[in-house]
Amino acid sequence: MEGAEAAALDARILAAIAAYALDAHGFDRLACDIFAHQLRANAPYAAFARSRGITPNRLPQTAAEIPAVPAAAFKQAVLSTVGPAAAAIWFQTSGTTAANAGRHYFATTELYEAALLAGFDRALLPDGARLRYLLLVPDARKAPHSSLGFMMDRVAAARGDGRDERFIDGDSFDAPAFVRALDAAVADGVAVCIAATAFALVAALEALDARGSRYVLPPGSRVMETGGFKGRARVVERAELYAAVGDRLGIPTSAIVAEYGMTELSSQYYDSFESRFGTRRYKTWPPWLRPLVVDPHGVPVAPGVVGAIRHIDCANRSSVVAIETEDLGALAPGGLLLLGRERGAELRGCSLDAEDLAARA
Amino acid sequence: MPKTSLRALSAAAIIAAIDAAAARWSNADFPPRVRVTSAIQTRLGYSTPVVEYALDRLFFSLRREALEAAIAHELGSVAALDGPVERPGRPAGFARGVDRVVIVASDTTIGVALVPALYALAAKCDVLVKDRSDALVGAFFDSLVEERPQFATAAVTRAWTGGEDPRESAVLAAADVVAAFGSDAALRAIRAQLRPDARFIPYGHRASIGYVDTAQVRAARRAALLDGIAADALLYDGDGCLSLHALFVGGDAAAAAAFTADLAAAFERASVEFPPGEGEPQRAASAAAYRNLGAFRAAGGRGAVYAPAGESATIVFDPPRDEPPPFLPRVLPVFPVADPAEAIAYVRAHQLPIEALGVDDTHAPQALQFAVAVGAVRIARLGEMQAPPAGGHHGGAPRIADFVRWIDRE
């Protein structure tokens, strides 16, 4: 059971989420207060902060000054203000095996749920539509430590028409059930939200292709796509994927919204509304989350300059408020531009690399 | 491809032409080399000293004595390339070069395609090099033509385009021997296009490791050893298959920690000689994340992290054992181990394909045992890992034997 300090912080964060507003000064103050709390309650983070010159007498004054923990550190330590036994839930971070995966512990699901629903509402449900959720993401009932499964389970329960369905079980995709669900949605005239990892979406489209099936799903239907193809042999260009969605499901590209999130975060980024109609998509973020783009020395770079993305997520109150990633991006007037390594990019040398090694496994 | 015009020359004459061209290319002011140096820098982002070092290493090694010694070792004599040579107790043998050799370098290692190409030319084969760029190989072939016009049709380059290309498929399908450098996927795709009786010489992506037992290091040797390790790790920003990707330090843990701390100072020195190139942003970000993860672990009392030369290089002491080495530019994980067996266990656990094993004493019996255990094809002295002798095997394969078919005269 956490103390009054944690409760007071949670109340401030929930208020920001409910208002969907937090100005720059308020963000800095909240993030720094959360960090100060984590210094007291999260020993591994405190030790790391001390190694970066942070002391109780020398605390960050802005969110950008908060030392960011590399995402992989979740595999190295329990980064939580509560012990594992007291955690309300934990999600498993990525790892090549379960043995070297990390865990993100949460003192409560309240912040997480509030943050995910508020973000999802703005990004995918600005019309307040009550949709039927067809979930091509891990099934929360069978994969209780999947953050994506948990997230979409909560969204479907809170915002769905009560007839949500799940089609992923481990690595298998139940294509016949998915087809039946599409048929039912068309017959019922109910708009759907297909929430899928990019890889699962490809599998679904291939299944429809194999059947020669084409749908024009009811107006208002949409897709939330997430993830990518990391660790997968099959890679499809995003534009190609979205075109195939239009072709097979009758959902326009502008109704496909890519989510960018991490198990190590409590909040999510989504494609901005404006960029859904263009060729280049920009991510927007909720007021309690802020991206920084930094150079290899950890120094923030100017807008337009490519660097690694650091996240300051105030909803991560019971773990780590600042997370450093290897994801590349650049801040632009339209939002955060996510950049991946270009396929076919010329890598130097003949050395083995991590991708080679993973491909051999 | 034309039938080889080189058959009109003796092997000795071909080797002499290669030697003469290499001698010209050994001069850093030789205009074609100046142009190539600039082109390589532009393309790969390496610093000038690194490119100059690579070209020096390459052309100083491509000399008549080294080429002849390697050929004589593998074929019995250089003359065997010209016609039957009597051999005591065996039929006379003619090491006749095959007609068509294709060398595919989908990697960007400096000059990697040139050495096998020259051995194939010495065997009087027609050689087509499909390279990422013809800046180096093509320019060197031009120098060969200046030495002997017969090279004009025998030594040809084609720029790498990647992907499916019917013309490339036709060339591969007609080849007698194909030597290829690249990822497993690239090698697989190339192999699938060859004739059933064609020889395929694959050079896949590999890693190299080093082992040091601090108790065995002589005090007088220590500084040179540290500098050598730093050079092995930093040259080519660690991008080569002969780069030092992981160092295992055996013996007392405190001594290993002290050795690693001294290694950081050596990295600082080596970074002056081999400054970093322009890094690819994704790999630079990954290197920074690895360094910061090391800092996180160190803050928790596990291991240490060093970021010498303005964080342009990283040494992580005692990184997690359940992860493979990071294979990131100018990043060296240092694993303290009780003995070689612990290092071997790590390599096996991560199924690392090992090219070279760097040690202080290459003649120590345990070095050979270690190399055999991890599947290394080369045991090199630390500090010389990235300087393979031209007369040695390449990737465990012979230099010229694969480019000939023997005709025995009984």
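1. The model is predicted, so local features need pLDDT of at least 70 and side-chain atom pairs count only at pLDDT 80 or more, whereas totals for chains, interfaces and linings use all residues. Residues are numbered from 1 along each chain as its sequence is written, and chains are lettered from A in the order in which they are written.

2. Between the chains, 34 residues of chain A are in contact with 44 residues of chain B, contact meaning that C-beta atoms, placed from the backbone, lie within 7 Å. Helix 3 (43–51), strand 1 (69–70), strand 15 (322–332) and helix 9 (354–360) of chain A each supply at least two residues of the side touching chain B; helices (H or I, at least four residues) and strands (E, at least two) are DSSP runs, numbered from the N terminus.

3. Helix 3 of chain A packs against helix 12 (residues 281–299) of chain B at an angle of about 110°, with the axes 8 Å apart, the axes being lines fitted to C-alpha atoms over the stretch in contact and angles running from 0 to 180 degrees between N-to-C directions. The two helices are therefore roughly perpendicular, a term that covers 65 to 115 degrees. Here A47(A), F48(A), R50(A) and S51(A) meet A295(B), F296(B), A298(B) and A299(B).

4. Chain B is divided into domain 1 (5–205 + 395–409) and domain 2 (207–381), with bounds from an automatic or database domain assignment. Their centres, taken over C-alpha atoms, are separated by 32 Å, and the contact takes 12 residues from domain 1 and 13 residues from domain 2.

Methods. Contact = placed C-beta atoms within 7 Å. Parallel < 35°, antiparallel > 145°, perpendicular 65-115°, else oblique.
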